[in-house]
Each structure stands twice: as C-alpha cells, then as structure tokens.
Amino acid sequence: MSTKLDRNPVNFQFQLLAQDNRARAGIFSTPHGELPTPIFAPVGTQATVKSITPAQLQEVGANLILANTYHLYLRPGDELIAEMGGLHQFMGWSNPMLTDSGGFQVFSLGGINQIDDDGVTFKSHIDGSSQRLSPEKSIAIQENLGADIIMAFDECAEPYDRVYNQLAMARTHAWAQRCIDAKTRTDQALFGIVQGGIFPDLRKQSAEYIAALNLPGNAIGGLSVGETKAEMHQILEVVDRILPEDKPRYLMGVGTPEDLINGVMRGVDIFDCVLPTRLARHKAVFTATGRMNISKAVYAHDERPIEQDCACYTCQHFSRAYLRHLIIAKEMLAGTLLSIHNLYTLLKLASDMREAIIQGNFESFSQNYLYKIYKPDQEPGS
Ligand SMILES: [Zn+2]
C-alpha cells in the first residue's frame, strides 16, 4: 500500500503563483525540470513531433511533450526503448515528458476483441496481432518508457451513452487504484483521469473519487470526442469545483486556441493536442483571426508572412507565396514551417495567458483574443 508521501515525491510539487477568477498560473516540478502553467504539450505520437526536431521544439518554446504508449508499445516496443536508455534518451529530448496510458488509442484505433474488468484485448492496427492491455501492463510499459508524468489506464466511452459511461467510469476508478498499486518507480508522477461523458452527476462522482486518490495531478478525459463546446465547458465547470486546487489539472487531447482559453478560464493547467501539427500537414495555420488555408490561390503573390506580428521562425523568414509554393510542390519543408508557426502560436498563447493571470488581467486578455477569432466578416490572416 502506497503512502501519501510516496505518491507526492518532493519533485512533483505544484506551486500556485497567481489566480485570476478560476484561471491559475503555477509551476509543476518534475525530474526533468519545472513546468510553468498554463502549458501546452505538443504530441510526439511515435516518439517524434512530426517533422520537427527537438532543437526546433525548444526554439518554439515547447517544454513538455507527450508520447503515445499504445504506439510505442506496438512499435518499436517499450523494452527496446528501455534498453536504449528510456524515451528521453531515445528521442533526444531532455525536458519533461508525459506518456498517456494507451487506453484512448485502444478504444479508438484497435479492433476491440474483448473488454472486461481485468483489461482489454485488441488487435494491433499494424499487423493484426492480438494484444492485451491492463492497468498493470500499461504502468509497466510507461515505467519502461520513463516519462516524468504517466497516466492511469482508463476507459473512454462514447460521450452520450449514459449506461456505458457508468460502466466505463466504474472500471476507470477500479483501474486507477490498480495503477497505483502496480507503480514501482518513484520518479514518475501518476495522474488519475476523471471520466463520465457529458453527464454532470457522473462527472461529479468521478472527480470526487479521483481527487480522493491524492495523486500528484488529475486529468479530465473523454472530452473533445464529439460533444458540443457548451457541454465541454459545463463539464469543466463541474470538475473544477471538485478537483484539488493544489494539484495540476490536465485536459486531455484539447486543442484549439479558443479551447485553451476556455479551459484556462475553467481552472485547467495542462493541455495536449495533435492539432497544430496535423493542421500543418493539411496546409492550415492558426491566425489571430481564425484558421487560414495557405494553399489557396489568393496567396500565390502574397509577400506577407502568415501573421505580421508573429515572432516565429517561419513568419520572420518566409512569405505566404513561398509557403504556398512549397505546398503545391509537395516539399517536405512545408509541413515543418507550418508546424513551427502553429506550435509557436499555441505555446505563445499559453505563456501570454500565464502572464495575464499573473498581472491580474486574464479576463480582458481572453475576451480580446476570443473576439478577434469570432469577429464576423473578416478573412482569416487579414
Ligand atoms: Zn508565425
């Protein structure tokens, strides 16, 4: 049985520096460095943030990155990564890192053969082989990978199915306890995950259960999976009142610039999402006035950068016309340059929000930001 001290080693302290209404600014300490919150974590699914080198990640201001347990377990295998010195060394990233539990991918990618109270049997999406993940197995894999923050194995249900959400939530709670019991390393912070779909009473029950486990951080799972923005905001408001103030809150798989603002407004500290790099591969970029598709013919002779006042490497050196040319010519550099801009935009937003919270003007900052995005009759990037 773990003690409270074991679960909160001194290097996983969360220090709250400032609060502005529900928005918080803090510092979360990990073995690979301190994380200033609010923070956005780029996603490195296959132990690489697609098309971006670790040096470029540091240049755009990334501090925490996420890698996917499901993918790395299937290929190249967590034991191989442990043999190569762990994930930090394997991928050349010396800052903090987070791994998910594999649960979300099993339920979204794997052909599920069987879910029972013990775990999940699924078919590998790579070679069709039969695989099994359980709370104990997920923790063993994450211990081999060696990230600073690891996640409890959970079951993510379809958000509107109440009966399934009740079942998945009960399993998620039992599995969280089994993850705690299975954990052997003391240099990794295990976060619990709140589930419960779009149902406020289930979310309340789940947040109370997960909070009582007294883990060094708490996550909110099962959002941004098909529910409306209003439903997501309502659920965040429910769990924000229950999760402990002195632990970081992590909203999994979210987002867009507007999602980050709306999350921070409701007490969230940590975010991750594939969106900035995925959008970049689909030729789209974030701007202060909404998303812009840089491959459009209208940009063929456009000398301006994506954003006039953006300090990222891409905007400092290249025109819209050049970026569009790279896309049309199917050059690899296009994905890299667009990813740099998109990642920079979200990371800069997180650090600007932090500054605004510390200065006590988060409300006007967030209103201005959201107003520009939703302003009617305006071309993105103009
Ligand atoms: Zn830029």
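A residue is described here as buried when its relative accessible area is under 20%, as exposed when that area is over 50%, and as partly exposed in between, with a 1.4 Å probe and protein chains only. The structure is a predicted model, in which local features need pLDDT of at least 70 and side-chain atom pairs count only at pLDDT 80 or more, while totals for chains, interfaces and linings use all residues. Residues are numbered from 1 along each chain as its sequence is written, and side-chain values use heavy atoms, with hydrogens and water left out.

By the definition of burial, Asp 269 and Arg 24 are both buried. Their side chains meet in a salt bridge, with an N to O distance of 2.9 Å. This pair links distant parts of the chain, since Asp 269 lies in the loop between α11 (257-265) and β14 (270-273), whereas Arg 24 belongs to strand β2 (residues 23-30), 245 residues apart. A salt bridge is taken to be a side-chain nitrogen of Lys or Arg within 4 Å of a carboxyl oxygen of Asp or Glu; helices (H or I, at least four residues) and strands (E, at least two) are DSSP runs, numbered from the N terminus. In general, side chains of opposite charge can pair when their charged atoms come close. The structure holds 21 salt bridges. A network of salt bridges links Arg 22, Arg 24, Asp 240, Arg 241, Glu 245, Arg 249 and Asp 269.

Asp 302 takes part in two further pairs. Asp 302 counts as buried because its relative accessibility is 10%. Arg 320 is likewise buried, with a relative accessible area of 2%, whereas Arg 304 is partly exposed at 35%.

The model also contains a zinc ion, coordinated by Cys 310 (SG), Cys 312 (SG), Cys 315 (SG) and His 341 (ND1) at 2.1 to 2.3 Å. Donors are N, O and S atoms within 2.8 Å of the metal (3.2 Å for Na, K and Ca); water is not among the atoms, so sites may look incomplete. The angles among the four donor atoms are 100 to 118°, and the site is tetrahedral, a term applied to four donors if all angles lie between 85 and 135 degrees. Along the sequence, the donor residues follow the spacing C-x1-C-x2-C-x25-H. Of these residues, Cys 310 and Cys 315 are both buried.

Gln 131 is buried because its relative accessible area is 19%.

Several features of the backbone were also noted. Most residues other than glycine have a negative phi, and most peptide bonds are trans. A cis peptide bond, with omega of about 0°, joins Thr 37 and Pro 38, and Pro 38 is placed in the loop between β3 (33-37) and β4 (39-44). The bond from Arg 75 to Pro 76 is also cis, with omega near 10°; Pro 76 is located in the loop between α3 (69-74) and α4. Positive phi values occur at Ala 47, near 60°, and at Ser 51, about 70°, neither of which is a glycine. Ala 47 lies in the loop between β4 and α2 (54-59), and Ser 51 is found in the loop between β4 and α2. Ala 47 is buried at 13% relative accessible area, whereas Ser 51 is partly exposed at 39%.

Note on methods:
Four donors count as tetrahedral if all angles lie between 85 and 135 degrees; four count as square planar and six as octahedral if opposite donors are over 155 degrees apart and all others between 65 and 115; anything else is irregular.
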